[in-house]
Amino acid sequence: LRLYEMPHSESTPSTAAPLTTHGADTWRMAEHWPELVTALTDQSIESVNLLLRGLELLVRRGRISDEEYKVLAVPAERLKLCGVNAQQIVRFQGGRVRQSHEKIDLAYLIESVLQERRNELTLLGIAVRRKFRPVDVLIDPTLGFSLTTAMLEWSAPFGHRMELRLDVETDPARARLWLKTYTDHPPLQSAVFEDNIHWLLLRQIAATDGG
């Protein structure tokens with residue numbers, strides 16, 4: 001950023017004395033994208049919360065029906081979730097997460113996630129089949145839980161049935177979590193490979209934990 005102090009006599013910017021801020025020539029937005037994401041997500045989440053409180057007030061006053069509330073609230077909640085996921089990506093990417101690696105049964109952890117999301121999956125009409133081989137892995141339990149949740153959230157819109165498998169690969173030995181989604185009609189390739197917020201969060205969690 002350059003500011004020009006114009007003299008009293010007529011002059012052009014080319015002859016004016018530049019007042020250059022220290023370090024301005026080395027500043028790059030690409031180096032500050034986490035701050036930008038944080039500012040955007042904080043503002044969007046705050047705005048959505050205000051919107052939802054306003055809608056609830058309208059419902060209590062009888063100005064809108066419960067059905068009308070849902071029509072407006074569902075996309076607002078999705079926007080809020082998008083902001084929360086973006087916050088998580090920035091936090092993981094910046095290393096602002098404490099990891100406590102423990103030897104745990106990964107099959108048990110995944111089943112715990114499925115049980116917690118059971119009602120939600122049922123409402124979405126999604127059936128889940130699983131075939132787990134007990135595998136002990138050294139992983140941070142919270143990140144493992146978040147990783148499995150992100151997998152479900154990313155794949156849920158694509159089909160009505162999921163198949164989860166957990167087995168062990170050799171050379172080198174490692175656990176492999178495998179997910180397949182079945183659809184009535186083949187989805188558009190552009191939709192499947194879209195790098196949406198759930199996919200970006202999933203990749204960042206895996207990278208954070210070294211998966």
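Two rings of Phe, Tyr or Trp, the six-membered ring being taken for Trp, are counted as a pair if their centres lie within 6.5 Å. In this model, which is predicted, a search of the whole structure finds two aromatic pairs.

One of them joins Trp154 and Phe158, whose ring centres are 5.1 Å apart; because their planes meet at 75°, and planes over 60 degrees apart count as edge-to-face, this pair is edge-to-face. Both partners are buried, a word used for a relative accessible area under 20%: Trp154 has a value of 17%, and Phe158 has a value of 18%.

Trp154 also takes part in a pair with Trp199, where the ring centres are 5.0 Å apart and the planes are at 45°, so the pair is described as tilted. This pair links distant parts of the chain, since Trp154 belongs to helix H5, which covers residues 141-155, while Trp199 belongs to helix H7, which covers residues 197-209, and the two residues are 45 residues apart. Trp199 has a relative accessible area of 25% and is therefore partly exposed, whereas Trp154 is buried. Taken together, Trp154, Phe158 and Trp199 form one aromatic cluster.

Aromatic rings can also be looked at together with charged side chains. Arg161 lies over the face of Tyr182, at a distance of 3.9 Å from the ring centre, and Arg165 is placed over the face of Trp178, at 4.7 Å from the centre of that ring.

Methods. Residues numbered from 1 in each chain as written. Predicted model: local features only at pLDDT ≥ 70, side-chain atom pairs only at ≥ 80, totals over all residues. Heavy atoms only, no water. Phe/Tyr/Trp six-rings, centres within 6.5 Å; stacked < 30°, edge-to-face > 60°. Buried < 20%, exposed > 50% of the residue type's maximum accessible area, 1.4 Å probe, protein only. Helix = DSSP H or I, 4+ residues; strand = E, 2+ residues; numbered from the N terminus. Lys NZ or Arg CZ within 6 Å of the ring centre and 35° of its normal.
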